[in-house]
Structures are given as structure tokens and as C-alpha cells.
Amino acid sequence: MNFWEYLGNRHQQLLVDAYQHASVVFQCMVAATVLGVLIGVATYRSDWAGDLATTATSTLLTIPSLAMIGLLIPLVGLGVPPTVIALTLYGLLPIVRNAIVGLRGVDPSLVDAATGIGMSRTARLARVELPLAWPPILTGIRVSTQMLMGIAAIAAYASGPGLGNLIFRGIASLGSKNALNQVLAGTLGIIVLALLFDAAYVLLGRLTISRGIRV
């Protein structure tokens, strides 16, 4: 059976696996974005706090994905929980770092002007600083998403959802007639999803970043 015949025969299952893969990455990116921006907001005013946040999230990223998931299995079991926790933690670094850089890069004169017209600290953050820091934050989200697309394949080690199951099954059955097809289908599926997500982020940037900031 060649690759195209394999896709034709297994397209329904492939679509289910692709949907699960995209869904878990999307959910983890939402969680990582919320946590990452909150950490950035809490630490960007202090040099040592910002460095600590960046160092801590960098350390998490150095933990091998198989080791991370293996350590989580005894705590939360198999399936979705270790996958979500691991992916969320891995997605933090680019978002935290870019949020800190973006917030620190806001022109102080704009913040002073907002203070001068009576804006509270929360209002300045929500209406001035975060909108101006959004372009680098979005860049961090894009980088995190690309990373998590690949790392999510390792979730199959813990019976997690997604296209990684195809890759693991193919590797485990090397020498059989469909082993290569499974690995290839899983790999290409992840690449296609990564490209689709990145295109969506480009569109989101065009919709949410004003032309003046882009220029």
C-alpha cells in the first residue's frame, strides 16, 4: 500500500487525530498565554524579578519532554492531564520573555501622559501598555505554538491525544508494510497544522495590531 492509498483508507482516523492534536495545542496555548502574560505583568517592572521569571521558564524548557511527561504520570496519571501540564509549562518561556521585553519597551512618555489624564495603574496597563506590547507578545505566542506542535507528539508516550500516536505506532512496527506510512502521515499532519496555526496568527496580527504600530 503506497502513501496515498494509506491516506485514502485512513483519512477519517487521521482527521480525528489531527483535530485532537490541534485542540490540545490550542488549549495549552491559551493557558500558557494567560499565565505568561500575567507573569510578565507581575515582573517587568523589576530587573531581578524579570530575570528570575525568564530563568525559571528557561529551566523548564531544558527538561526533556519524555522526562517531563514521565515525571507527571505518577502524579496525574495517563492521557490528557500530563499532556496539558507539560505543554503549558513548555509554552511559557517565549511568552514570558516577550511580554517582559514588550512591556519594558513601551515609551515612558506615553505612560506619563496616561497618568497625567488621570488613568489608574490598571487602566494604563490595560489600555496603553499591553496594547503597545501586543506585537512582541504575539510573536512569542507564535514561537510557542510551533514548539508545542512538535512536543505534543511525545504525548503519545503517556497515551495522550494527537498525531504522535501514529508516529509511535509506526516506529514500534518498523518493518511492517504501513510503518513508514504511519510515521510520514503523522509528521506531515503536524507540519500542516503548524502552518495553519501560523497563518491564523498572521491574520490575528493584522486584525489586532494597528497600522501605526506595525509601521
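In what hand does α1 pass α9, left or right? The crossing is right-handed. Keep in mind that this is a predicted model.

**α1 against α9**
- The axes of these two helices come within 9 Å and cross at roughly 45°.
- That angle makes α1 oblique to α9.
- On the α1 side, the contact involves Phe3, Tyr6, Leu7, Leu14, Ala18, His21, Ala22, Phe26 and Met29.
- From α9 come Asn181, Gln182, Leu184, Ala185, Leu188, Ile190, Leu193, Phe197 and Tyr201.
- Sort the residues of this contact by class and you get 15 nonpolar, three polar and no charged.

**α1 against α4**
- Helix α4 covers residues 80–90, and its axis comes within 8 Å of the α1 axis, crossing at roughly 50°.
- So α1 and α4 are oblique to each other, and their crossing is right-handed.
- Val24, Cys28, Ala31, Ala32 and Leu35 of α1 meet Thr83, Val84, Leu87 and Thr88 of α4.
- This contact has seven nonpolar residues, two polar ones and no charged ones.

**The largest pocket**
- About 240 Å³ of space lies inside the largest pocket.
- Its lining takes in 13 residues, with Leu7, Leu14, Ala18, Ala185 and Gly189 nearest the centre.
- Both α1 (3–43) and α9 (179–208) supply at least two residues each to that lining.
- Eleven of the lining residues are nonpolar and two are polar, with no charged residues.

Methods
Residues are numbered from 1 along each chain as its sequence is written. This is a predicted model: local features need pLDDT of at least 70, side-chain atom pairs count only at pLDDT 80 or more; totals for chains, interfaces and linings use all residues. Side-chain values use heavy atoms; hydrogens and water are left out. On a 1 Å grid over the protein atoms alone, a cavity is a set of points where a 1.4 Å probe fits but cannot get out, and a pocket is an open set with protein on both sides within 12 Å along at least five of seven lines; lining residues have an atom within 4 Å of a point. Grid points are joined across faces, edges and corners, and a volume is the space filled by probe spheres set on the points. Helices (H or I, at least four residues) and strands (E, at least two) are DSSP runs, numbered from the N terminus. Ala, Val, Leu, Ile, Met, Phe, Trp, Tyr, Cys and Pro count as nonpolar, Asp, Glu, Lys and Arg as charged, and the others, Gly among them, as polar. Axes are lines fitted to C-alpha atoms, for helices over the stretch in contact, and angles run from 0 to 180 degrees between N-to-C directions. Angles under 35 degrees count as roughly parallel, over 145 as roughly antiparallel, 65 to 115 as roughly perpendicular and the rest as oblique. A crossing is left-handed if the near helix is turned anticlockwise from the far one by less than a right angle, and right-handed if clockwise. Contact means heavy atoms within 4.5 Å.
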